[in-house]
Amino acid sequence: MPSDRSHPERSDRPTPGLAGIRALGRAIPFRISFKTPFKTLGPGSVSSLLKIALDVAYVLLMVITAVLLLVFLASIFVPIANLNITVSNDSGGRQQPLTRPLLLFGVGALTSYFGGFLLILRNLRMIFRTLTIGDPFQPDNVRRLRQVGLILAVVTGGVWLAQGVVAARLAPGVMERQGFGELLTPIFSVLVVFVLAEVFREGARLRRESELTI
Amino acid sequence: MAIRIQLDRLLVERRMSLTELADRVGVTVANLSILKTGKARAVRFTTLYALCRELECQPGDILTYEPGPPEPDLDDDET
């Protein structure tokens with residue numbers, strides 16, 4: 001049924017409170033119809049541009065992860081006691097010598113962080129490939145989105161835990177311990193990704209139903 | 001599924017090929033084959049109408065019910 005915003009509601013006598021809200025609704029155009037002025041799915045669309053950006057980011061992240069992995073392996077064997085390197089927080093307050101456990105933990109955590117995002121980008125590239133073809137509701141995309149949600153949860157949870165370990169054990173005073181409030185945004189993001197995965201599952205189901213309806 | 005499609009018998013009786021029926025009904029041979037082998041999930045009324053028109057039969061001649069458990073939903077193991 002077409003919406004008619006220029007005329008008053010045709011419902012039966014509204015209550016005074018509701019009438020006020022409806023009057024406000026008519027005064028403020030809440031239902032602004034917006035259509036993207038560009039193509040979002042299929043070949044030559046924004047999706048294909050985003051896929052190229054993801055491809056570039058994937059290669060860069062792969063290089064960074066490989067370099068970090070080499071640094072991690074090197075830091076196992078390189079003697080650092082003679083180098084006399086110290087670490088401090090941003091304000092330059094307290095200083096602490098760079099010990100091997102601190103270095104290994106730091107580089108290892110950073111490698112895992114970038115490795116996790118590498119896996120996320122890998123899945124996103126595959127999802128965007130299906131968007132570029134113009135067929136987003138493939139059953140594989142459900143699995144990919146679930147993996148993205150899981151990796152995002154592990155990576156962000158891991159960062160939070162790692163910062164806690166560094167702040168409490170490895171370099172107390174150099175790094176501030178993060179509170180539970182810092183976890184709210186990652187939790188929200190992970191939940192949104194899982195909900196999106198379910199939306200895609202429903203889409204894949206409807207697609208299959210449609211394919212098998214003769 | 002406990003609902004069976006009797007296209008084979010009807011085609012033999014009418015001496016009609018699957019390709020010819022697909023042409024007349026306006027669906028692809030692949031889709032008609034899905035229907036014939038019982039892999040279809042649903043049949044549109046328009047398709048059923050066209051099938052009845054071309055085969056000169058009633059819907060009951062095409063679809064038959066057989067008692068028994070329905071086939072499991074394919075969605076669960078897919079995703």
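Where does A:Ile187 lie in chain A? A:Ile187 sits in helix α5 of chain A.

## Basis of the model

This is a predicted model, in which local features need pLDDT of at least 70, side-chain atom pairs count only at pLDDT 80 or more, and totals for chains, interfaces and linings use all residues. Residues are numbered from 1 along each chain as its sequence is written, chains are lettered from A in the order in which they are written, and side-chain values use heavy atoms, without hydrogens and water.

## Chain A overall

Chain A has five helices and two strands. Their order from the N terminus is α-α-β-β-α-α-α. Both kinds of element are DSSP runs: helices are H or I with at least four residues, strands are E with at least two, numbered from the N terminus.

Of the 214 residues in chain A, 28% are buried. Buried means under 20% relative accessible area, exposed over 50%, and partly exposed in between (1.4 Å probe, protein chains only). The accessible surface is about 14400 Å², and carbon and sulfur atoms hold 67% of that surface. Areas follow the Shrake-Rupley method with a 1.4 Å probe; for residues, only the protein chains shown count as cover. Among contacts in chain A with a separation of 6 or more, 66% join residues 24 or more positions apart. Contact means heavy atoms within 4.5 Å.

A:Ile187 is partly exposed, because its relative accessibility is 46%. Helices α4 (139-170) and α5 (184-211) of chain A each give two or more residues to the patch. The largest share, three residues, is from α5(A).

## Nonpolar cores

The largest nonpolar core has 20 residues; B:Leu7, B:Leu51 and B:Ile62 are among those touching the most other members. Its main contributors include α4 (45-55) of chain B, which gives the largest share, five residues. A core is a set of buried Ala, Val, Leu, Ile, Met, Phe, Trp, Tyr and Cys residues joined through side-chain atoms within 4.5 Å. Another core, of twelve residues, lies apart and includes A:Ile127 and A:Val190.

## A contact between chains

B:Ala42 lies in the loop between α3 and α4 of chain B. Beyond its neighbours within four places in sequence, B:Ala42 contacts A:Leu212, A:Thr213 and A:Ile214. B:Ala42 counts as partly exposed because its relative accessible area is 29%.
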